[in-house]
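User: I am new to this structure and would like to go through it by question and answer. Please start with the sheet and then turn to the ligand.

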Amino acid sequence: MKPLKEDSSHKDQSSENSQQSKPAKKTARKNKSNKAWDLSQFQVPEIEGKTRFHDFDLSLPLMRGIADVGFEYCSPIQAQSLPYTLQRRDMVGKAQTGTGKTAAFLITIIEDLLRNPIDEERFAGETRALIIAPTRELAIQIADDATALCKYTDLNVHTLVGGMDYSKQQTRLHNELNDILVATPGRLLDFCGNEDVHLDLVEVMVIDEADRMLDMGFIPQVRRIINQTPKKAFRQTLLFSATFTPQVMTLMEQWTQDPVTIEIEPESAATDTVDQFIYLTEAQDKYALLYNILKQEDVESAIVFANRRDQCRHLQESLQSHGFKVGLLSGEIAQNKRVSTLNAFKKGDLNVLVATDVAGRGIHIDGISHVINFTLPEEPEDYIHRIGRTGRAGKSGTSISFACEDDSFNLIPIQELLGNSVPCQQPPEELLLDAPKMTKKSSPRTGSGKRPPQNSRR
Ligand code: AMP
């Protein structure tokens, strides 16, 4: 078991970056009332084979947050990990979005912070728990989930992601204690470099989607971040990855200490609830097919995936001009616009989202009825990620993928991953008739914010 971590003096020693000067300002806490609530208002019957959150003796304010978000029984990753992580064991989890991994690590963090309040003076920018995620969308969603679960605690959640107002994030950091910090690597390093954030007192650290961090070339940045936190014997580290490649396993060895390993099969629960279709078509017919599918009555809300930004933009413009309420999520869209698009989609003001893999990854909006793969993904795992956007939270969903002469070679690895369980078929004739043509392509967008340094294709 690790040493308890309230004593900041030993943590300072253990940190590789303990020389930083701290802002001299003590910051204030909000006071949240927890009156008039107890577990009698959150009754979940015991069911054999299921784990309840009640079974972990969690703090009342956290249980109230869990009740509010509507969770009753633990998902498999939560049931398997919490017994260890609540004891401060390190953990490596093979799990993707859709498994409930976010709540697994958030509940661990929140319970740890509540059980170990800090009475000593704390300073602005000192973070107790750090979560790093590869994309802005994912970081924002984790922070939203954390804020919901922390609703009845006095813990503050901060989000540091690129593309959003730096000075706003900075002002909040200066004025409010920083309990849980969710960040993308680049923006976090900017804040650390300016001494607005101090990581030498981090007690729990989460590295989410480690395989994606590798793909996106973020590992040197993540390494720099981890080097600013206490050494691994003095922090709890939880690392998640959808795949355990040799490279990911090397990182696990470097960054965790005696971790418990938990493997959850790739979104099997989610894909069981998704009806999958693969339509063989010609490239020139894809838009008609898409248009007619979206016109069908059972399509309440849909995400359309394409591989490239320009394809996404062209699709969004065409669908919009043909009467759909469509949002665009891709790397070329400014972050604040992406957030407002997601909110409009959640509210039902938009009923179609067109997205690239990176921008669409990690979006967990319940109630999406259809996922349409306008182009087949190059990485078979992205197929699983894409279709996992539907069929969530106990509902069923439909995924329809188009394979044409240009991308059908991507089918083989996808079929292998799926165990050849989804037959290819010709689309019904009526889905190819009476549709308008795609509009003319507009010129590429320019000047819409800074060009992202990594993975600019998406
Ligand atoms: P994640 O894998 O973290 O992206 O979570 C997938 C979805 O499952 C999110 O919409 C969560 O709100 C939801 N979720 C997580 N844990 C539970 C639970 N124990 N019960 C019901 N829904 C959950």
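Analyst: This is a predicted model. In it, 7 strands form an open sheet with parallel pairing, in the order β10-β11-β9-β12-β13-β8-β14.

User: Which are the edge strands?
Analyst: An edge strand pairs on one side only. That holds for the strand of residues 326-329 and for the strand of residues 424-425. The edge strands are therefore β10 and β14.

User: In β11, which residue is the bridge partner of F305?
Analyst: Strand β9 covers residues 302-305 and runs parallel to β11, residues 352-355. The two strands are joined by 4 bridges. In β11, the partner of F305 is A355.

User: How much of the ligand's exposed area does the protein bury?
Analyst: A polar backbone atom of Y73 lies 2.8 Å from a nitrogen atom of the ligand, and a polar side-chain atom of Q78 is 2.8 Å from a ligand nitrogen atom. For K101, a backbone N or O atom lies 3.5 Å from an oxygen atom of the ligand. Taken alone, the ligand exposes 490 Å². Of that area, the protein buries 80%.

Notes: Residues are numbered from 1 along each chain as its sequence is written. This is a predicted model: local features need pLDDT of at least 70, side-chain atom pairs count only at pLDDT 80 or more; totals for chains, interfaces and linings use all residues. Side-chain values use heavy atoms; hydrogens and water are left out. A polar contact is a pair of N or O atoms within 3.5 Å; within protein, one must be able to donate a hydrogen and the other to accept it, and residues adjacent in sequence count only if both atoms are side-chain atoms. Accessible areas come from the Shrake-Rupley method with a 1.4 Å probe; for residues, only the protein chains shown count as cover.
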